[in-house]
There are 2 protein chains.
Amino acid sequence: MTEEPLALVCGAGQFPLAVADAVAASGRSVFLVGVRGAADPAIARYPHGWVGMGRLGRLLKLVKGAGAKDIAFVGAVPRPAFSLDFIPDLRFLKLMFGIIGSGDNRMLTHFAAAIEQEGMTVRGVHEIAPGLMLPAGPLGRHMPSPEAVKAAALGFEVLNALGPYDIGQSAIVADQRVVAIEAAEGTDLMLARIADLRASGKLKADAARSVLVKTPKRGQDLRLDTPAIGVETVQRARTAGLAGIAVAAGEVMTPDIAALISAADETGLFVLGVERKK
Amino acid sequence: MTEEPLALVCGAGQFPLAVADAVAASGRSVFLVGVRGAADPAIARYPHGWVGMGRLGRLLKLVKGAGAKDIAFVGAVPRPAFSLDFIPDLRFLKLMFGIIGSGDNRMLTHFAAAIEQEGMTVRGVHEIAPGLMLPAGPLGRHMPSPEAVKAAALGFEVLNALGPYDIGQSAIVADQRVVAIEAAEGTDLMLARIADLRASGKLKADAARSVLVKTPKRGQDLRLDTPAIGVETVQRARTAGLAGIAVAAGEVMTPDIAALISAADETGLFVLGVERKK
């Protein structure tokens with residue numbers, strides 16, 4: 001039985017190739033489409049093509065030409081700005097006009113619907129490379145304290161409360177107090193902020209009871225926007241004086257689980273997958 | 001009819017003297033207690049005393065000695081850390097042991113209850129100097145656009161949703177998307193973060209639809225922790241590329257309303273008081 005290849009649209013960072021490797025290792029062929037200015041040139045080790053931001057027509061032509069019916073999107077792509085680098089085609093413009101003013105979630109849902117109208121099926125990392133999703137339970141050798149587990153629970157609760165507002169991919173809880181909530185700045189800048197507040201003495205919470213919580217937003221379409229942590233997240237969490245990281249089990253990816261565990265073990269942090277109430 | 005003086009415990013910043021001036025102007029005498037290391041030495045223009053952080057016994061003795069029955073707390077006081085500057089007395093320690101691990105709201109409520117057990121009545125700025133609270137409606141000559149009013153409504157809604165978690169004094173909404181939520185960092189650092197995201201091109205929302213929303217947390221005891229904005233807030237909001245500031249009417253103070261209006265008029269920002277649903 002020959003299966004058609006999976007088309008993988010690659011944004012920035014190391015995640016696209018990690019996903020490509022995992023899919024290829026599972027025995028399925030891949031066709032990579034690099035987003036120009038974002039994707040790693042190393043995608044060239046697989047059959048591939050390149051596409052500019054906003055060239056939706058060309059993207060679909062490439063993917064269909066490769067015989068793919070399933071398509072996945074991995075890695076960050078800069079929000080479109082009208083500059084010389086960004087020459088959208090008619091199909092993209094039509095799509096964008098339909099979704100102006102939407103939040104991230106709704107925008108991505110529109111985008112997925114437009115792709116599927118072309119006869120493609122949009123797949124998430126959790127479907128095509130489930131081995132990259134963090135499982136339930138503790139990873140590595142450092143276990144969370146009961147206080148840290150309680151802090152994580154509070155973090156999940158507050159992020160869940162933010163679901164209707166299309167924000168809340170991560171938060172930091174210290175001593176049972178929510179000390180940071182991520183919105184537009186992203187997880188890395190949020191961690192840096194807590195590191196600064198600690199360094200300046202403005203935040204004096206006990207590190208042993210301080211936890212980063214990371215989860216998809218409620219209603220987030222995992223197919224187009226998979227939350228991810230990696231070795232750098234562990235290092236930033238360490239600098240922010242946290243005891244560990246709690247993620248929604250099965251809903252947050254990491255490009256290299258062995259590297260993540262090593263980093264956690266070395267820095268003394270726990271990494272905990274928590275089953276979310278649906 | 002002689003009224004006993006109001007005791008005003010003064011933390012850092014310009015708010016304590018602004019409140020003292022407003023109370024004195026209303027014809028009531030004041031007795032100021034400066035928190036050492038925090039309060040402005042200029043409090044010496046009123047009858048006053050000084051007290052170290054955590055010296056609750058001495059504080060009560062001073063205040064009672066001045067014949068005051070009403071007491072108010074204005075201005076930030078650093079969170080206590082056990083250092084050479086901080087030698088708590090037995091009464092303070094007893095209080096602290098009762099409230100360890102509480103959130104800000106609960107801690108302050110405990111604190112107020114302890115003061116009131118001594119026969120004092122704790123008063124808020126809204127009671128002793130209501131003229132310093134921002135009223136409902138627009139202030140100054142710049143009016144919010146309908147989009148800005150809508151953005152403000154979203155901001156109030158998301159902050160209200162955070163009430164159960166003892167966070168949410170402010171948020172920034174841009175193009176109907178919540179781009180920042182304040183937790184431990186404070187309003188100023190949150191505004192600086194949005195200014196940075198704009199400067200680096202990571203946030204491209206339309207300034208005309210970008211609003212800072214400031215309100216007490218749900219359940220926040222206004223007597224001990226009055227949200228405040230001032231001329232600097234207007235300037236920081238301008239740097240963050242916002243169209244204006246919306247506050248919960250009657251629940252947010254400013255030390256000098258004329259100066260606030262001048263700053264808003266000069267920078268082109270609106271300042272809007274919004275009646276919150278209770």
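A:G137 has A:G273 of β11(A) as its bridge partner. That pair belongs to the contact between β6(A) and strand β11 (residues 270-274) of chain A, where 3 bridges hold two antiparallel strands together. Keep in mind that this is a predicted model.

**The mixed sheet of chain A**
- β6 and β11 sit in an open sheet of 6 strands in chain A, ordered β6-β11-β10-β9-β7-β8, and the pairing is mixed.
- At the edges you'll find β6 (137-139) and β8 (177-181) of chain A; each has a single partner strand, so one side of each has no neighbour in the sheet.
- Going from strand to neighbouring strand in this sheet, the turn is 25 degrees on average, direction ignored.

**The parallel sheet of chain A**
- Chain A also has an open sheet of 5 strands, in the order β3-β2-β1-β4-β5, with parallel pairing.
- Its edge strands are β3 (48-51) and β5 (121-123) of chain A, and each of them pairs on one side only.
- The twist here averages 25 degrees from one strand to the next.
- Over at the β5 end, strand β4 (residues 70-74) of chain A runs parallel to β5(A) and is joined to it by 3 bridges.
- If you want a residue pair to look at there, A:D70 stands opposite A:T121 in β5(A).

**Helices lying across that sheet**
- Helix α1 (residues 15-25) of chain A lies across β1 (6-10), β2 (30-35) and β4 of chain A, and runs at about 165 degrees to β1(A).
- Helix α2 (residues 56-65) of chain A lies across β1, β2, β3 and β4 of chain A, at about 170 degrees to β3(A).

**A helix pair in chain B**
- Helix α8 (residues 231-239) and helix α9 (residues 257-267) of chain B have axes that come within 8 Å and cross at roughly 20 degrees.
- With angles under 35 degrees counting as roughly parallel, α8(B) and α9(B) are therefore roughly parallel to each other.
- The crossing of α8(B) past α9(B) is right-handed.
- On the α8(B) side the contact uses B:V231, B:V234 and B:R238, while α9(B) brings B:A259, B:L260, B:A263, B:A264 and B:T267.
- Sorted by class, that contact has 6 nonpolar, 1 polar and 1 charged residues.

**How the two chains relate**

How values were computed: Residues are numbered from 1 along each chain as its sequence is written. Chains are lettered from A and ligands numbered from 1 in the order in which they are written. This is a predicted model: local features need pLDDT of at least 70, side-chain atom pairs count only at pLDDT 80 or more; totals for chains, interfaces and linings use all residues. Side-chain values use heavy atoms; hydrogens and water are left out. Two strands pair if DSSP finds at least two bridges between them. Helices (H or I, at least four residues) and strands (E, at least two) are DSSP runs, numbered from the N terminus. Axes are lines fitted to C-alpha atoms, for helices over the stretch in contact, and angles run from 0 to 180 degrees between N-to-C directions. Contact means heavy atoms within 4.5 Å. Angles under 35 degrees count as roughly parallel, over 145 as roughly antiparallel, 65 to 115 as roughly perpendicular and the rest as oblique. A crossing is left-handed if the near helix is turned anticlockwise from the far one by less than a right angle, and right-handed if clockwise. Ala, Val, Leu, Ile, Met, Phe, Trp, Tyr, Cys and Pro count as nonpolar, Asp, Glu, Lys and Arg as charged, and the others, Gly among them, as polar.
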